[in-house]
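Grab a pencil and have a go at these exercises before you peek at the solutions. Each one is worked through step by step.

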Amino acid sequence: MTDQHQQTRVLITGAGSGLGDALARAWEQRGADVLRTDRAPADGILPLDITSDADWAAARDHVERTWGGLDVLVNNAGIAGGGRLDVSGIDEWQRLVDINLLGAVRGTATFTPVFKRQGSGRIVNIASLAGLVHPAGMGGYNATKAAVVALTETTGHELAAHGVTAHVVCPSYFRTNLMAAVEGRDAALQTVMTKLVEDAPLGPDEIAAAVLDGIDAGTELIVPDEAARAAYQLKLADRASYDAVMRAQARKLDAVAE
């Protein structure tokens, strides 16, 4: 990130609430030009369904007409979900793939020609700690977020020669409205996830601040909170202990379902 924040042009998906809104406000406080987009129409928000190729094309046209280019694309929009393997259906997996993974793919593919033409740009994909560590009962969510991590690394390698960097953000649970729109058959998982979100010590503003700090530092894998860093470090340093923790959580989930 350059020091000329007032010249930074940022597009954020899912910016109507939660982390997307917090990221928009954080960049706006730096003087950036921010284009908020969201599936839900609202004042000051460009309608963008991230599963729609037509909506992405319209967003690119808007950016090029208004700004002539883009400095930062933030693929933030996503959904919570998942479920135990014998409870969740393929339709639930498909919805997670279409939104959490292919939404980021569509955004990246849409703006890559813009970034290549400029010879500059940043792509920021909001994944989750679930992209790095994989709790039981969350197969679909884990898989899509891990895929976003892989997509980001691939993007960074592919576009480095064009002056483009790619960053993936992997927070643990933080207080947000993500669970309000959750869908799925596994009620036990929804109960557990809702409590984890409600009891989280951090809110979206703290996560957003850490994200911008990580981008400023050029960090490609941004793990923005201590709980997420501790969980990921346990997996890297002591796989046996990590597996024991994950399997204990699986037993607790089964107990909630009984």
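Predicted model: local features only at pLDDT ≥ 70, side-chain atom pairs only at ≥ 80, totals over all residues.

Residues are numbered from 1 along each chain as its sequence is written, and side-chain values use heavy atoms, with hydrogens and water left out.

**Exercise 1.** Describe the aromatic pair found by the ring rule.

*Step 1.* Start with the rule: rings of Phe, Tyr and Trp (its six-membered ring) pair if their centres lie within 6.5 Å, and planes under 30 degrees apart are stacked, over 60 edge-to-face, the rest tilted. The count comes to one aromatic pair.

*Step 2.* Now classify the pair. The ring centres of W56 and F111 are 6.3 Å apart and the planes sit at 75 degrees, so this is an edge-to-face pair.

*Step 3.* W56 belongs to helix α2 (residues 53-66) and F111 to helix α3 (residues 90-118), so-called DSSP runs of H or I with at least four residues, numbered from the N terminus. The pair links distant parts of the chain, 55 residues apart.

*Step 4.* Check burial (buried is under 20% relative accessible area, exposed over 50%, partly exposed in between, with a 1.4 Å probe and protein chains only). W56 is buried at 0%, and F111 is buried at 0% too.

**Exercise 2.** Is N142 buried or exposed, and what does N142 touch?

*Step 1.* Find N142 in helix α4 (residues 139-159).

*Step 2.* Look at its accessibility: N142 has a relative accessible area of 6%, so N142 is buried.

*Step 3.* List the contacts, meaning heavy atoms within 4.5 Å. Leaving out residues up to four places away in sequence, N142 touches A130, G131, V133, H134 and P135.

*Step 4.* Zoom in on P135: the N142 side chain reaches the backbone oxygen of P135 at 2.9 Å.

**Exercise 3.** Work out where P47 sits and which residues P47 touches.

*Step 1.* P47 lies in strand β3 (residues 46-47); a strand is a DSSP run of E with at least two residues.

*Step 2.* With 48% relative accessibility, P47 counts as partly exposed.

*Step 3.* Not counting residues up to four places away in sequence, P47 touches D38 and D55.

*Step 4.* Finally, compare with H134: the C-alpha atoms of P47 and H134 are separated by 33 Å, and the two residues are 87 apart along the chain.

Technical notes
Polar contact = N/O pair within 3.5 Å; in protein donor to acceptor, adjacent residues only side chain to side chain.
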